[in-house]
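Colleague: I have a model open and would like to go through it with you. Could we start with the strands and then move on to other parts?

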Amino acid sequence: MRRSPHHPAVTGSDAFRREVSGPAIVAGVSNHETTHPPPLPRSPCHDRLRDHHGHCRHHRIDWRSPVNGFILHEDESRVIIATGFSTPSDNRKTGDMVQIWILVKSVSPTEAIRTGLDRLICGNCMHRGHEENGRFGVERSCYVNPGQAPQGIWKAWKSGNYAPLRSLECFVGRKVRFGAYGDPTHIPLPLALAIAGVSSGWTGYTHQWRKPSLQGWRSILMASVDSIAELVIARSMGWSTFRVTPDLDHHSIETLCASDRVGTPCSECLACAGARTGQRSIHIPVHGTGARHFKEGVAK
Ligand code: SF4
């Protein structure tokens with residue numbers, strides 16, 4: 001199994017393995033490396049609950065086919081879903097990675113933006129846009145198009161197409177993107193550490209890096225910063241940083257994203273994996289759906 005040179009901790013650090021092997025969610029899953037492909041997930045329902053077509057009557061899932069997604073976690077407002085287990089992501093920038101989506105439960109992703117409920121998953125991220133005459137999301141500069149993958153995944157969840165995750169085996173040896181949409185700090189941290197521990201590499205970003213209660217995420221997530229001033233503050237707090245810039249101008253300690261520099265996908269690069277293996281600062285010229293509204297932020 002190919003391992004990233006950026007993740008020596010995953011390939012053999014006993015300390016890291018001890019750190020991620022605690023939570024109940026990993027019961028029955030060892031963090032040791034395996035040369036065997038992960039077995040297909042099994043239905044959480046007893047066999048007698050399937051209909052004569054093999055479909056699980058609780059979750060409307062055909063368990064004879066490989067399953068593409070699971071519910072990782074739910075609370076009152078949010079559902080967190082991992083996809084890409086059987087159908088590789090077609091995102092050329094990220095490459096083949098399991099994608100983790102943080103979604104508002106009560107309304108669709110496009111409706112959440114229109115009503116401002118996306119604050120439940122994105123917090124105070126400035127790229128959500130602003131409110132004008134009761135309409136939210138005006139001049140939104142986020143690169144994610146909520147009407148595409150997030151909308152489809154939310155609808156599939158509403159239709160009961162995802163079952164709860166029962167084991168981390170499906171993450172063994174996979175590359176993982178924490179937060180394909182929404183802020184990954186809504187995932188329980190022990191679960192995220194456990195997933196990182198069995199994976200073969202990950203990427204992740206948070207705009208919530210200032211919050212005292214979220215400092216434990218420094219080890220696996222990048223601080224998404226919107227200015228050089230924020231970069232300096234985040235680094236002084238121990239974070240690795242990721243900054244979207246209007247052009248190629250950058251701070252002397254910032255490295256241009258490998259996908260822009262040489263066309264390497266995230267699944268091969270894996271540089272945006274937090275500060276566990278040393279602080280990095282990456283920058284990338286503005287891109288994606290909201291690029292026309294992009295403005296550099298200021299330290300708040
Ligand atoms: S630096 Fe690497 S991991 Fe980070 S966004 Fe660019 S390609 Fe992806």
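Colleague: Which residue in β9 does W101 stand opposite?

Modeller: W101 stands opposite Y181 in β9. Please keep in mind that this is a predicted model.

Colleague: How do β5 and β9 run, and how many bridges join them?

Modeller: Strand β5 and strand β9, residues 175-181, run parallel and are joined by 3 bridges.

Colleague: And what about β4 and β5: parallel or antiparallel?

Modeller: They are antiparallel, with 6 bridges joining β4, residues 78-83, to β5. In one of these pairings, I80 has I102 of β5 as its bridge partner.

Colleague: Is β5 mostly covered or mostly open?

Modeller: Strand β5, residues 98-104, is mostly covered, with 7 of its 7 residues buried. Both of its faces are covered. V98, I100, I102 and V104 are buried on one side, and Q99, W101 and L103 are buried on the other.

Colleague: How many residues of β4 are buried?

Modeller: In β4, 5 of the 6 residues are buried, and the strand is mostly covered.

Colleague: What joins β3 to β4?

Modeller: A hairpin joins them through 3 residues. The pairing of β4 with β3, residues 69-74, is antiparallel and extends over 5 bridges. Within it, E74 stands opposite V79 of β4.

Colleague: Where do these strands sit in the sheet, and in what order do its strands come?

Modeller: The sheet is open and made of 10 strands, in the order β8-β3-β4-β5-β9-β10-β11-β12-β14-β13, with mixed pairing. At its edges stand β8 (163-164) and β13 (255-256); each has a single partner strand, so one side of each is left without a neighbour in the sheet.

Colleague: What is the pairing between β9 and β10?

Modeller: Strand β9 and strand β10, residues 201-206, run parallel and are joined by 4 bridges. There, K175 has G201 of β10 as its bridge partner.

Colleague: Turning to the core, which residues have the most contacts inside the largest nonpolar one?

Modeller: They are I81, I100 and L103, in a core of 64 residues.

Colleague: What is I100 in contact with, apart from its neighbours within four places in sequence?

Modeller: Its contacts are L72, I80, A82, V176, R177, F178, G179, A180, P184 and I187.

Colleague: Where is S89 found?

Modeller: S89 is in the loop between β4 and β5. S89 counts as partly exposed because it has 19 C-beta neighbours inside 10 Å, and a residue needs 20 or more to be buried.

Colleague: What does S89 touch, leaving out residues up to four places away?

Modeller: S89 touches G84, T94, D96, M97 and Q99. S89 and Q99 are 10 residues apart in sequence, with their C-alpha atoms 7.7 Å apart in space.

Colleague: A change of topic: why is α6 described as largely enclosed?

Modeller: Helix α6, residues 189-198, has 7 of its 10 residues buried, so it is largely enclosed by the rest of the structure. The buried residues are A192, L193, A194, I195, A196, G197 and V198.

Colleague: Which residues surround the ligand?

Modeller: The ligand is surrounded by T203, C257, A258, S259, T264, C266, C269, L270, A271, C272 and I282. Helices α8 (258-262) and α9 (266-269) each supply at least two residues of that shell.

Colleague: What is the make-up of the shell by class?

Modeller: The shell has 8 nonpolar residues, 3 polar residues and no charged residues.

Colleague: How many helices and strands does the protein have overall?

Modeller: The protein has 9 helices and 14 strands. Of its 300 residues, 39% count as buried. Among contacts between residues at least 6 apart in sequence, 65% join residues at least 24 apart.

Colleague: Finally, what does the protein average in pLDDT?

Modeller: The average pLDDT is 81, and 73% of the residues score at least 70. Over residues 1-48, however, the pLDDT is below 50; this stretch has 72 contacts in the model beyond near neighbours in sequence. Where pLDDT is low, the predicted coordinates should not be read in detail.

Conventions: Residues are numbered from 1 along each chain as its sequence is written. This is a predicted model: local features need pLDDT of at least 70, side-chain atom pairs count only at pLDDT 80 or more; totals for chains, interfaces and linings use all residues. A residue is near a molecule or strand if its C-beta atom, placed from the backbone, lies within 6 Å of it. Ala, Val, Leu, Ile, Met, Phe, Trp, Tyr, Cys and Pro count as nonpolar, Asp, Glu, Lys and Arg as charged, and the others, Gly among them, as polar. A residue is buried if 20 or more other C-beta atoms lie within 10 Å of its own, exposed if 12 or fewer, and partly exposed in between; C-beta atoms are placed from the backbone. Two strands pair if DSSP finds at least two bridges between them. Two residues are in contact if their C-beta atoms, placed from the backbone, lie within 7 Å. A nonpolar core is a set of buried Ala, Val, Leu, Ile, Met, Phe, Trp, Tyr and Cys residues joined through C-beta atoms within 7 Å. pLDDT is the predictor's confidence in each residue, from 0 to 100.
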